Every structure is written in C-alpha cells, then in structure tokens.
Amino acid sequence: MIISLIGYMGSGKSHISKLLSDKMNLKLIDLDREIIARHNMPIAEIFEKKGEIFFRKQERAILDEILNTETDCILSVGGGTPAYYNNISLINEKSTSVYLRTSVRILTERLLKQKQKRPLIAKIPDKQLPEFVGQHLFERQEFYSQAKHTVITDNKSPDEICREIAQIFQIS
C-alpha cells in the first residue's frame, strides 16, 4: 500500500509523513528530497538555474517511477505536484491519497517563517502573502479535492493528524 500525502506548501506533509512512516512502519519517500538528491541541488536552485518547467518534468518522471516501483510506503509530494501533468490521476490510480487541508491563515503563519526556502513565495512581500496563498490554494483546490481522503489539520497536533490518518487505514 502506498499512501500519498498531498496539500499546499506548509500543510505539514513532510513532518506528518515522517511521523506516519514511524507509526505505520512504512518506508518514507519525500518526492522533493528525491529530486534534490538526484540533481544534487536545492529545489530553489533548480527553479533558478533550470526553470519551473524542467522541475515539473523531473517531478513527474520521478513520481511515475516511485509509484510504479514501490509497493509499501508513505509518499510525501510537493504542494504543486497534483496540479501538473495529470499527476493527481496517477497518484490516485497507484496509491491512496490523503489531502492535508489547512486554512489560509495557518498556512500563511507557517510560510512567513520559511519564505526564503520556498521559491514560489520568496519574493512576495509579507503583507501580500495571505492573498497569494488564498488565490494559489483556490487554483489548486480542484486537484487537492480529488484526493481519496481529506484530513483537516487546523487546531490539531501532528500526533492527532497521524492518528486520524492511521484510522482511515484501520491501524491503531
């Protein structure tokens, strides 16, 4: 069984996937980390030097490879992954997707602390970030809403979120 965590940047996919991997005793694969390892550079640098189109093509190729070779794992995908190249259909066909749904307010609070690590928002003025996140989330909602399961993360601890996901799969 492959469980794919999807959601907007800052929704907690990386953190929750680590905890869930431990709780469910499943291998963890973080798609962004795979891309970084294979290109030996941070995603921000890939965006800067090779462009977003190159990044998205690599993301699709590696996603496809993982979903066609792995059997049991927790897969954390980038925030934009479901919105490109019909990736959400591939994710749903080859895995069980869980959307970590987080409010614009919480996402903005988290992302303000991480702006320089995030190429899509690094140059956006702090005051404009809530509007950007809201608009971007609205545009991607069409893809996120196709997830097989949705877990609302607001006002929940990482442990509570993991327990809720584990309950979906009837694992205590």
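The side chain of T108 reaches the backbone oxygen of V104 at 2.8 Å. T108 sits in helix α5, residues 104–112, and is buried at 7% relative accessibility. This is a predicted model, in which local features need pLDDT of at least 70, side-chain atom pairs count only at pLDDT 80 or more, and totals for chains, interfaces and linings use all residues. Residues are numbered from 1 along each chain as its sequence is written, and side-chain values use heavy atoms, with hydrogens and water left out.

**Terms for reading on**

- Buried means under 20% relative accessible area, exposed means over 50%, and partly exposed is in between, using a 1.4 Å probe and protein chains only.
- Helices (H or I, at least four residues) and strands (E, at least two) are DSSP runs, numbered from the N terminus.
- Contact, or touching, means heavy atoms within 4.5 Å.
- A polar contact is a pair of N or O atoms within 3.5 Å; within protein, one must be able to donate a hydrogen and the other to accept it, and residues adjacent in sequence count only if both atoms are side-chain atoms.

**T108 and H39**

- Leaving aside neighbours within four places in sequence, T108 is in contact with L129, P130 and V133.
- H39 belongs to helix α2, which covers residues 31–39.
- With 19% relative accessibility, H39 counts as buried.
- The side chains of H39 and Q58 are joined by a polar contact of 2.9 Å.
- Not counting residues up to four places away in sequence, H39 touches I46, K50, F54 and Q58.

**Annotated binding-site residues**

- An unreviewed UniProt entry carries the annotation "binding site" for D32, R56, G79 and R140.
- Of these residues, D32, R56, G79 and R140 are included in the lining of the largest pocket.
- For pockets, the search runs on a 1 Å grid over the protein atoms alone: a cavity is a set of points where a 1.4 Å probe fits but cannot get out, a pocket is an open set with protein on both sides within 12 Å along at least five of seven lines, and lining residues have an atom within 4 Å of a point.
- The UniProt record, from an unreviewed entry, also places the feature "binding site" at S14.
- A word on that record: UniProt positions are given in the numbering used here, feature names are shortened, and annotations may be inferred rather than shown by experiment.

- R56 lies in helix α3, residues 43–69, and is buried, with a relative accessible area of 4%.
- Leaving aside neighbours within four places in sequence, the contacts of R56 are F47, G80, T81, Y84, Y85, L120 and R140.
- R140 is in helix α6, residues 129–144, and counts as buried at 5% relative accessibility.
- With neighbours within four places in sequence left aside, R140 is in contact with Y8, R56, G79, G80, A83 and L120.
- S14 is part of helix α1, residues 13–24, and is partly exposed, with a relative accessible area of 32%.
- Not counting residues up to four places away in sequence, S14 touches D30 and S76.

**Aromatic pairs**

- Rings of Phe, Tyr and Trp (its six-membered ring) pair if their centres lie within 6.5 Å; planes under 30 degrees apart count as stacked, over 60 as edge-to-face and the rest as tilted.
- By this rule there are 2 aromatic pairs.
- F47 and F55 have ring centres 5.0 Å apart and planes at 45 degrees, so they make a tilted pair.
- Both F47 and F55 are buried.
- Y99 and Y144 have ring centres 5.0 Å apart and planes at 25 degrees, so this pair is stacked.
- This pair links distant parts of the chain, with Y99 in strand β4 (residues 96–101) and Y144 in helix α6, 45 residues apart.
- Y99 counts as buried at 2% relative accessibility, and Y144 counts as buried at 1%.

**Cysteines**

- A disulfide is counted when a pair of cysteine sulfur atoms lies within 2.5 Å.
- By this rule the model has 0 disulfides.
- The closest cysteine sulfur to that of C73 is in C162, and at 15 Å it is too far for a bond.
- C73 is buried, with a relative accessible area of 0%, and C162 counts as buried at 3% relative accessibility.
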